[in-house]
Protein chains: 2
Amino acid sequence: MKAIGADKSFNLEDGNLFYEFAVDTPKPEQYELLVRVETISVNPVDTKIRKTEVEQAPRILGFDAVGVVEAVGDGVSHFDIGDEVFYSGSPKYQGSNQSYQIVDERLVAKKPKNISNVDAASLPLTGLTAYETLFDVFKISFNPEENKGKSILIINGAGGVGSIATQIAKHYGLHVITTASREETHQWSKDMGADIVLNHKNDLAEEFKKYEISEVDYIFCTFDTDMYYEKMIELVKPRGMIATIVAFKNKQDLNLLKPKSITFTHEFMSSRPIHETEDMQIHRDYLTDISEKIEAGIYKPTVNEVVDGLTVETLYDAHVKLENQSMIGKLVIKL
Amino acid sequence: MKAIGADKSFNLEDGNLFYEFAVDTPKPEQYELLVRVETISVNPVDTKIRKTEVEQAPRILGFDAVGVVEAVGDGVSHFDIGDEVFYSGSPKYQGSNQSYQIVDERLVAKKPKNISNVDAASLPLTGLTAYETLFDVFKISFNPEENKGKSILIINGAGGVGSIATQIAKHYGLHVITTASREETHQWSKDMGADIVLNHKNDLAEEFKKYEISEVDYIFCTFDTDMYYEKMIELVKPRGMIATIVAFKNKQDLNLLKPKSITFTHEFMSSRPIHETEDMQIHRDYLTDISEKIEAGIYKPTVNEVVDGLTVETLYDAHVKLENQSMIGKLVIKL
């Protein structure tokens, strides 16, 4: 079977070091599924991992995948051969940039029946990141009524995570404020359900005044945490919560959290799969909820660009686009 | 009436800059109580504030107080003249190192009936800090059954906050691991209800191995956060929570929180009173719960040293002892 990988870390300026190679199709064991990958999406984290040291070459990148179960391990109880599934997987396995992939069934759910593979591929990693941030970190209620009156600021509302996080937060009863700057990202974020879209070219405290927003309960940062660290502390309520998914470039002063007793979390969607926590099946639960909400017409996919054919070139081009940081919604590649 | 204060910030080496002076007894307004202060306790935070700039001289320090309500504002609904109360108060008012003090009724509860003023004075600030950390930050359940199987590490279990936090965590169903080093602090922490007391002179990861402790759900740091920052990240579970009440000396790398998606909070008991949050009456609720648990024999006071008479000298001596950082439990002064 075919895979695309690289033997060492590389920057885009180094040229395209991805190459295509053949590997034996692996056999699933215990809780594992073998999935024939049909569609993938590319995420910012793929570009970050590409630049980290390769432990075992060649390394195959890729999280999100949609495909069909081709074989199952002995311990598998939730899936059968032929099931259409979607997932974001685990860094402990080779990624989804290949035609067949092994994935742990605890990280997988059935694909929503009413949407295409392309649409489904846009959802797992960003959806899981948003679910973990909202439910595990901020501990918002699964009962939307109990979240009424609470507010969230999502920095970079039109990005991949921002787009789905906006929909989830809105559905679960939060007042959702996002940021964007261009006309098209502003409109995109509105379409995702944002109540208010601030212009992040302006000072956000000024934007809060302009829209008569008082401090918010939660802030979810999906862009340049260093730049927003002190501003978020200014804009969150006393005893409020801040989460980021973007690593810092610099050390920070944690004492700034003290006057308001602020809680800060570095959300990382792979923490459960990497540590194989006892509760890692929560990824299946969250993906199942996403699937049901999609089938009920509550959430919509966040695809903004579709590429035909996974090749060394299309993958490299996707990485270029993602690193550009101007991506609206998600980029999906059909195998 | 008599008060003890200082006109400027000072270090202990500067000598004793506290002095006694007379002030008019203030009149309570709206939600305020005027309390005749009978007993106080001294906390590490008093010594820290003593070293910060004085905004309006003379500054009267002191949080914890036990006393009798002498007058009430028009909006007061929970207290009558003559009620015996205990509280930790707010930095927005002058402190408890005086014979009469104004305090907001939302921060006050009735003193436990079955213990002395001395014993009661040991509880408010440390109790509130522990309640906020356990219930607001870690969000443990008020139903002990739901906390079963969860574990907490309390660094410096024999300190003022550690002593009451141990009792509360134990009562609410957590498995409580503390640290101490001297024989007497080890025994004190055991007496407070610790299941296991580690020796913090040794590497805590080694101590975890020795006692066959796996990673814990929660870590509460009440001593030298810089020293324990990386160690706590090592010892907490994936998606675990860390809180501290001790300010950092240095900036820290927040990316270290990422691999396990760790949540970090700088707990600060004064954040609600300072910001006069809508929910600041939760301090009354927490103190009421503490009072009831004391009356039911569930918690016990944490007094370890009693001083007779609040004078310029006894207050200075108390600050010396607190800054020494070898304090076991609490130091209380009878006016």
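This is a short tour of a predicted model, stop by stop, with something to select at each one.

Before you click, residues count from 1 along each chain as its sequence is written, and chains are lettered from A in the order in which they are written. Because this is a prediction, local features need pLDDT of at least 70 and side-chain atom pairs count only at pLDDT 80 or more, while totals for chains, interfaces and linings use all residues; side-chain values use heavy atoms, with hydrogens and water left out.

**Stop 1: two helices in chain B**

Select residues 124–137 and 160–171 of chain B, which are helices α3 and α5. (Helices are DSSP runs of H or I, at least four residues; strands are runs of E, at least two; both are numbered from the N terminus.) Two packed helices are described by the angle between their axes and the distance between the axes. Here the axes of α3(B) and α5(B) come within 8 Å and cross at roughly 50°. That makes α3(B) oblique to α5(B) (under 35 degrees is roughly parallel, over 145 roughly antiparallel, 65 to 115 roughly perpendicular, and the rest oblique).

Now show the side chains in contact (heavy atoms within 4.5 Å). From α3(B) they include Tyr131(B), Leu134(B) and Phe135(B), and from α5(B) they include Val161(B), Ile164(B) and Ile168(B).

**Stop 2: a helix in chain A**

Jump to α6(A), residues 183–191, and pick out Thr185(A), Trp188(A) and Ser189(A), which are buried (under 20% relative accessible area; exposed is over 50%, partly exposed in between, with a 1.4 Å probe and protein chains only). Look down the axis of α6(A): the buried residues fall within an arc of 95°, so they line one face of the helix. They pack against α5, β9, β10 and β14 of chain A. Just after α6(A), Gly193(A) takes a positive phi of about 115°.

**Stop 3**

Most residues other than glycine have a negative phi, and most peptide bonds are trans. Select Ala57(A) and Pro58(A): a cis peptide bond joins them, with omega about -10°. Pro58(A) sits in the loop between α1 and β4 of chain A.

Finish at Glu212(B), a non-glycine residue with a positive phi near 55°. Find Glu212(B) in the loop between α7 and β11 of chain B. Is Glu212(B) buried or exposed? Glu212(B) is exposed, with a relative accessible area of 75%.

Terms used: Axes are lines fitted to C-alpha atoms, for helices over the stretch in contact, and angles run from 0 to 180 degrees between N-to-C directions. The arc is that of the directions from the helix axis to the C-beta atoms.
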